[in-house]
Amino acid sequence: MSEIVDQINHVHREVGTREVADGEARTVLLRRTYDAAIEDVWDACTDPERISRWFLPVSGDLKLGGHYQLTGNAGGEILRCEPPRLLAVSWLFGENPGFSEVEVRLTAEGGERTVFELEHIAVVPPGMWDQFGPGAVGVGWDGALLGLTLHLTGEGAPADPEAWQASDEAREFMTRSSERWGAAYEASGAPAEVAVATTRATTEFYVPKG
């Protein structure tokens, strides 16, 4: 197993629900600890130049109440910003996206370690959740945490991200991520056969058979 694929083992995943104004929302939570000071992790998650190095280019009025846009991806409003511990944004993509928010929470653990939590809360169309479960967004967030990990450790992203996405290493990473989200879904109370079916659909989406 490569070191990149092994990063899957360093993330704790949870699946749940939460009541919001628009109804019942689904939640996915990722948690891991970084060997970096909280100020450095916060800066990596909020400085636009650094975000572009491990995630996507971002533009907009990047302050509380302002709006941001990730190139080719989500945009929204900056809802809460409490340095260096909490960032909350609406996470809107496509037409009629409905309720969707992302929270990043940081907790210092000693001087040079930081517990990182990312929670995505969204009202998901029933058909999509029934087919893919939490893996639909979970695999993508695992990829984002991998990018942040490589950035914080100084390794940097692959030189050719598109080529890496098609590599055996990336396919193994996404397969294992899908499997872990299936296990987290079952741990949350989903029937085993449902977790298996959604894991299969998620894996086939991210890792199509060539």
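Analyst: Happy to; we'll take the core, then the ring pairs, then an arginine. Keep in mind that this is a predicted model.

User: Great. Which residues touch the most other members of the largest nonpolar core?
Analyst: That core has 48 residues, and the ones touching the most other members are Tyr68, Trp91, Phe116, Trp141 and Leu148. Helix α5, residues 135-152, gives the most to this core, with 8 residues.

User: What is Trp91 in contact with, leaving aside its neighbours within four places in sequence?
Analyst: With those set aside, Trp91 is in contact with Phe55, Tyr68, Leu70, Asn73, Ala74, Gly75, Ser100, Glu101, Val102, His120 and Trp141. Trp91 also belongs to an aromatic cluster, together with Trp54, Phe55, Tyr68 and Trp141.

User: On to rings, then. How many aromatic pairs are there in the whole structure?
Analyst: The search finds 9. One of them is Trp129 with Tyr185, an edge-to-face pair at 5.6 Å centre to centre, with 85 degrees between the planes. This pair links distant parts of the chain: Trp129 sits in helix α4 (residues 126-132) and Tyr185 in helix α7 (residues 168-187), 56 residues apart.

User: Are Trp129 and Tyr185 buried or exposed?
Analyst: Both Trp129 and Tyr185 are buried.

User: And why does the pair of Phe205 and Tyr206 count as edge-to-face?
Analyst: Their planes stand at 90 degrees, and over 60 counts as edge-to-face. The ring centres of Phe205 and Tyr206 are 5.2 Å apart.

User: Where do those two fall on accessibility?
Analyst: Phe205 counts as exposed because its relative accessibility is 57%, and the cut-off is over 50%. Tyr206 is partly exposed, with a relative accessible area of 23%.

User: Changing topic: where is Arg32, and what is the nearest side chain of opposite charge?
Analyst: Arg32 lies in strand β2, residues 23-34. The nearest side chain of opposite charge is Asp35, 7.1 Å away. Arg32 is buried yet has no salt bridge.

User: Which side chains make polar contacts with the side chain of Arg32, then?
Analyst: Gln7 is one of them, its side chain making a polar contact of 2.9 Å with that of Arg32. The side chain of Thr149 is joined to that of Arg32 by a polar contact of 3.2 Å.

User: And what else is Arg32 in contact with, beyond neighbours within four places in sequence?
Analyst: Besides Gln7 and Thr149, the list has His10, Val11, Thr114, Val115, Phe116 and Leu145.

Note on methods:
Residues numbered from 1 in each chain as written. Predicted model: local features only at pLDDT ≥ 70, side-chain atom pairs only at ≥ 80, totals over all residues. Heavy atoms only, no water. Core = buried A, V, L, I, M, F, W, Y, C linked by side-chain atoms within 4.5 Å. Buried < 20%, exposed > 50% of the residue type's maximum accessible area, 1.4 Å probe, protein only. Helix = DSSP H or I, 4+ residues; strand = E, 2+ residues; numbered from the N terminus. Contact = heavy atoms within 4.5 Å. Phe/Tyr/Trp six-rings, centres within 6.5 Å; stacked < 30°, edge-to-face > 60°. Lys, Arg positive; Asp, Glu negative; His and termini not counted. Salt bridge = Lys/Arg side-chain N within 4 Å of Asp/Glu carboxyl O. Polar contact = N/O pair within 3.5 Å; in protein donor to acceptor, adjacent residues only side chain to side chain.
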